[in-house]
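I opened this notebook to keep track of what I looked up, one topic at a time. The entries go from a hairpin to the sheets, then to the rings and the sulfur links.

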Amino acid sequence: VYTFVSENEAGCTNVATLNLTITNSTTSEETATACDSYTWNGVDYTESGVYTFESQNEAGCTNVATLNLTINNSTTSEETATACYSYSWNGTEYTESGVYTFESQNEAGCTNIATLNLTINNSTTSEESATACDSYTWNGVEYTESGVYTFESENEAGCTNIATLNLTINNSTTSEESATACDSYTWNGTEYTESGVYTFESQNEAGCTNVATLNLTINNS
């Protein structure tokens, strides 16, 4: 309460009294951390910084609010992988080619979306049959007995190829005979006039070589 003494129009003292109320402006401060954006007093902020907002307090005076804002950003990552049969990524096993995503939390506590471009290549099989005489060479190995054999290699996709060979081995044969004749002897279409040991090569029932041996004695007239 304040008073002011002056002289009124009549030349006498006037005492004026003032009942004064002073209300103060106010300030407030807050700190916030958010991912990507933060809405404050109706405004969307996407960058870290110090922001102010002016309003009216309860006393009808100005209030200046200060926001200390930290914006952390979400992140993305991308990788490409090629595998045979299956591929394990972030605890999940994938068996088909495709584009897969995995959502996690980055170091800033915001979302990280990882993308995987995955190609799955499959193993293959092949089968063949072969028939041979005495032996058969397959993928650098010589086989002498009939059987089913496998050979593992890498296919064009870089995965396993298992080749199967159904193999039949037929054997060559031999035969031997002795003969005695006068002057000449005809054997397998050839006439022999001298004693000796002769051979004749033909094909047996299995389609392989048969070597026949003739022990020939020629007695002359």
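**Entry on a hairpin.** I began with the hairpin of strand 6 and strand 7, which has 5 residues between the strands, and I noted that G60 there takes a positive phi near 85°. Before going on I wrote down that this is a predicted model, in which local features need pLDDT of at least 70 and side-chain atom pairs count only at pLDDT 80 or more, while totals for chains, interfaces and linings use all residues. I also noted that residues are numbered from 1 along each chain as its sequence is written, and that side-chain values use heavy atoms, with hydrogens and water left out. For the words themselves, helices (H or I, at least four residues) and strands (E, at least two) are DSSP runs numbered from the N terminus, and two strands pair if DSSP finds at least two bridges between them.

**Entry on the sheet around strand 7.** I then looked up strand 3 (residues 26-35), which pairs with strand 7 (residues 62-72) in the parallel sense over 10 bridges. In strand 7, V64 is the bridge partner of T27, and N72 is the bridge partner of C35. Put together, 3 strands form an open sheet in the order 3-7-6, with mixed pairing. Why is one side of strand 3 and of strand 6 left without a neighbour in the sheet? Both stand at the edges, each with a single partner strand, so one side of each has no neighbour in the sheet. The twist averages 20° from one strand to the next, where axes are lines fitted to C-alpha atoms (for helices over the stretch in contact) and angles run from 0 to 180 degrees between N-to-C directions.

Strand 18 runs parallel to strand 22 (residues 209-219), and 10 bridges join them. C182 stands opposite N219 in strand 22, and C182 is exposed, with a relative accessible area of 55% (buried means under 20%, exposed over 50%, partly exposed in between, with a 1.4 Å probe and protein chains only).

**Entry on aromatic rings.** How many aromatic pairs are there? The count comes to 12, by the rule that rings of Phe, Tyr and Trp (its six-membered ring) pair if their centres lie within 6.5 Å, with planes under 30 degrees apart counted as stacked, over 60 as edge-to-face and the rest as tilted. One of the pairs is W40 with F53, which is edge-to-face at 6.2 Å centre to centre and 70° between the planes. This pair links distant parts of the chain, since W40 is in strand 4 (residues 38-40) and F53 in strand 6, 13 residues apart. W40 is buried at a relative accessible area of 6%, whereas F53 counts as partly exposed at 33%. I also noted W89 and F102, an edge-to-face pair with 6.3 Å centre to centre and 70° between the planes. Ring pairs link W40, Y45, Y51 and F53 into a cluster.

**Entry on disulfides.** The structure holds 3 disulfides, a disulfide being a pair of cysteine sulfur atoms within 2.5 Å. C35 and C110 form one of them, with sulfur atoms 2.1 Å apart, and with -95° about the S-S bond their link is left-handed. C35 lies in strand 3 and C110 in the loop between strand 11 and strand 12 (111-121), so the pair ties together parts that are 75 residues apart in sequence. Buried or partly exposed, I asked of C110? C110 counts as buried at 2% relative accessibility, while C35 is partly exposed at 34%. C84 and C159 form a disulfide with sulfur atoms 2.1 Å apart, and the torsion about their S-S bond is about -100°, so this disulfide is left-handed.
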